[in-house]
Amino acid sequence: QFIGEPDHPHPLPSMCLLHEMGHAIADHPRTRMNEECNAQIAEAKKLVAQWNALSAAGKESSPEGVTLGLQILELKKKREEHNLRHERLSASYRRNEGPVHAAYLAVRGPDKGPTRYGRTDVEESFAESFALYKADPEALRRIYPDVLDWFVSGGHLKAMAELE
């Protein structure tokens, strides 16, 4: 009941912390998508406020108004592209809990684990595997050598950026 090497075990809370970091990694694509959406909304509010000020002054057709109109159209195009990517990402989470878990499952295969708690579902399996990768890679090598190689090669990081 320890993590790490017998002559240098890690405290059990380190496994808990790493496990939760695994969840954050797996959810990064969705978090990033939400951050992008929030930034676009803030930009839209700023542009609308500028447009309203120009409109109140009757300067919609001024060079500044034309430029602002073009910026609003460009942002609208970005929002449409974002919405398409968001729908693809949402479909990925509905289908297989997202791109990180899908990539993990492709490497892990149908086995359950790597721990008793990791047998619950793919989210917990990934989180437990990530924690072992960081805290006790030799244990992960014994259980899932391909998963360890995937982590070492940055497979989880590549999957995080898949839909960006």
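Predicted model: local features only at pLDDT ≥ 70, side-chain atom pairs only at ≥ 80, totals over all residues.
**Helices and their neighbours**

Biologist: How are H2 and H3 oriented to each other?
Modeller: H2 covers residues 28-56 and H3 residues 63-96, and their axes (lines fitted to C-alpha atoms over the stretch in contact, with angles from 0 to 180 degrees between N-to-C directions) are 10 Å apart. Their packing angle is about 160 degrees. Under 35 degrees is roughly parallel, over 145 roughly antiparallel, 65 to 115 roughly perpendicular and the rest oblique. H2 and H3 are therefore roughly antiparallel.

Biologist: Stepping back, in what order do the elements of the protein run?
Modeller: The protein has eight helices and two strands, taken as DSSP runs (H or I, at least four residues; E, at least two) numbered from the N terminus. Starting from the N terminus, the order is β-β-α-α-α-α-α-α-α-α.

Biologist: What does the C-alpha trace span along its principal axes?
Modeller: There are 164 residues, and 37% of them count as buried; buried is under 20% relative accessible area, exposed over 50%, partly exposed in between, with a 1.4 Å probe and protein chains only. Along the principal axes, the trace spans about 75 × 30 × 25 Å.

Biologist: How are H1 and H5 set against each other?
Modeller: Helix H1 takes in residues 12-26, and its axis comes within 7 Å of that of H5. The two cross at roughly 125 degrees, in a right-handed way. H1 and H5 are therefore oblique.

Biologist: Which residues does glutamate 124 touch, leaving aside those up to four places away in sequence?
Modeller: Glutamate 124 sits in helix H5 and is buried, with a relative accessible area of 12%. Its C-alpha lies 8.8 Å from that of glycine 22, although 102 residues separate them along the chain. Counting heavy atoms within 4.5 Å as contact, glutamate 124 touches His19, His23, Tyr117 and Gly118.

Biologist: How far in space is proline 9 from aspartate 136, C-alpha to C-alpha?
Modeller: Proline 9 belongs to strand E2, residues 8-10, and at 43% relative accessibility it is partly exposed. Proline 9 and aspartate 136 are 127 residues apart in sequence, yet their C-alpha distance is 9.1 Å.

Biologist: Which two residues does a cis peptide bond join?
Modeller: Most peptide bonds are trans. Look at the loop between helix H4 (99-108) and helix H5 (122-135), where proline 114 lies. Omega is about 15 degrees for the cis bond joining glycine 113 and proline 114.

Notes. Residues numbered from 1 in each chain as written. Heavy atoms only, no water. Left-handed = near helix turned anticlockwise from the far one by under 90°.
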